[in-house]
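Please keep the sequence and the structure in view while reading.

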Amino acid sequence: MNKRRLSTALLLPLLFLFLATVGEGCTTILVTKGATTDGSVMVSHSDDNDLMDQRILYIPARKFAPGAMRSVYCTAAAMGEFPQYNAFVYPRMVTAERGPGYDTGGPLSVPLGRIPQVAETYAYFDGSYGIMNEHQLMFGECTDGAKVSPEPEPGKRIFYSAELSRIALERCRTAREAIRLIGELIETYGLYGTGETLPVADTEEGWVIEMAPSPEGTGGLWVAKKVPDGEIFVAANQFRIREVDPDDPDMMYSKNLHEVAKKHGWWKPEDGKLDWLKTVSLGEYNHPYYSLRRVWRVFSLVAPSKNFSPWVEDGFTREYPFSVKPDRKLSVRDVMRLHRDHYEGTEFDLTQGVAAGPFGYPDRFYGPYDGAGDVGDPSRKLDGAWERPLSVTYCGYVFVNQARGWLPAPIGGRMWLGLDKPSDTVFLPFHVGVNGLPRSVEVCDTTKFSRESAWWTINFLANYAGLKYSYMHKEIAALQEQLETAFLANLEIVERKALDLHRTDPAKAREFLTDFGERNTAETLAKWWDLAEGLIVKYNDGLLTEGGRIGQPLGYPREWLETTSWPSGPTTYEKPKGK
């Protein structure tokens, strides 16, 4: 995701490159049913959005009269704020058309355009992008660099992936249906913003649709590919689809893709099959390995037998395939662990080295001295770069969705929601059959601290733990393990009860699941505050207070002290030579 607004030249000889804010970008994973321990299909997404709108909202199903129109709103998630459309970082949208969550008061969002509405829409969970609907259709997302990144323009370009995913969740039940609808909307109404990768899956299969604005100034380009069953897909701010094969039944693409690419010199028929990545982008995002290192890391963790190398020739490498078969099948907690990773145990381990400080803090803070632009941008200048892990401090929220076709949809669909950064959050389970989400999840203003907000609860402890990370993270991880293990055990009982209720009264089953989500969230947040308050006392002033012993000194690790001025500090009264 990117939120800094930039002016765009659409038709220059060297097409304009979207200059991303260095600290942003998302990671998204799709695990097919043949690659999971329980036969579910999973889609995950870390929304690494700095301090944008962190509310996760329940959008209710609605019915509409014939002739109704559906507004399409601008988003600050694409290229920054657009005050002329009342599109801001927070709130992301203000309208009565999407239910109570977005009917918050303040200046109403101004539509970029309107499209014909359907008679009935489905309920879904929503964030910066659509998440999952009541029929277990689900999306992930990551932003990609593209050769052109035009701003929205009514009548020419009114869609970005955020609204595309929401409309698909409102109207579709299957991944194929969603891809066809998204493709039609792009071609008819136009695409603005950055390049985008959207994993989209249902209870049976998973697909990836990637899109890029067109140099024509209208319409848009897109391609979709099915992830083979039994395999796992990951994307991290770079297009992942390569050759577009017209004869492949597991591919779909925009009808004018080849025509536009040829016209603008992006592809020549004599080159063979069109390479989507090379055709619509300048390569990797931001700096070398900003994207590819995360792809390598996920593949190396799930398929170590394949011995993928972390080093490649360039950003257009073919060393990492579109998807891989894992050495063993993955559970939902395995996917959570992938998102919590900082390259621990590798040569890129961010908990090690001088930059990690004395207590192994893995997060790096980006600033104006860091580079911007894509690797293929000839004007890009880099003085240095940090490794970019899966878990970052500027993550707004992360989720792992599960679609389980052997259960009724209201019970089978689960969103495991982690607020704030993955390494120091807890994944809360919510079923798609609820009547609403807890208020604590649906309220969050990142400019105003509030104990009523679930996001602020998690964020507070994650930030505080940075003071003595190697100590405090262990206690956070222990609570994560305790809670998430208990969730899974308790869910077996909860879902059996919900299934019994669903057989006789589906409405009561929904009420039961809603109550469970409310109660479970409240109990979890209370435990999170207990831990936070306990750690404030335990490590107050950098000392250790426990077991009745107050203020025990902990100091610093010896190996870190050796990297500081400590060894040459005043150990005698003599003036050091050279001073």
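Which residue forms a salt bridge with K255? The partner is E187, with the closest N and O atoms 3.9 Å apart; a salt bridge here is a side-chain nitrogen of Lys or Arg within 4 Å of a carboxyl oxygen of Asp or Glu. K255 sits in the loop between β16 (251-253) and α4 (257-263), and E187 in helix α3, 68 residues apart. K255 is exposed, at 73% relative accessible area, while E187 is partly exposed at 26% (buried means under 20%, exposed over 50%, partly exposed in between, with a 1.4 Å probe and protein chains only).

This is a predicted model, in which local features need pLDDT of at least 70 and side-chain atom pairs count only at pLDDT 80 or more, whereas totals for chains, interfaces and linings use all residues. Residues are numbered from 1 along each chain as its sequence is written, and side-chain values use heavy atoms, leaving out hydrogens and water.

The whole structure holds 38 salt bridges. One of them joins R176 and E205 at 2.6 Å, N to O. R176 lies in helix α3 (residues 175-189) and E205 in the loop between β12 (195-201) and β13 (206-212), so the pair ties together parts 29 residues apart in sequence. Helices (H or I, at least four residues) and strands (E, at least two) are DSSP runs, numbered from the N terminus. R176 is partly exposed at 26%, and E205 is buried at 14%.

E546 and K538 also form a salt bridge, with 3.4 Å between the closest N and O atoms. E546 is partly exposed at 40%; K538 is buried at 17%.
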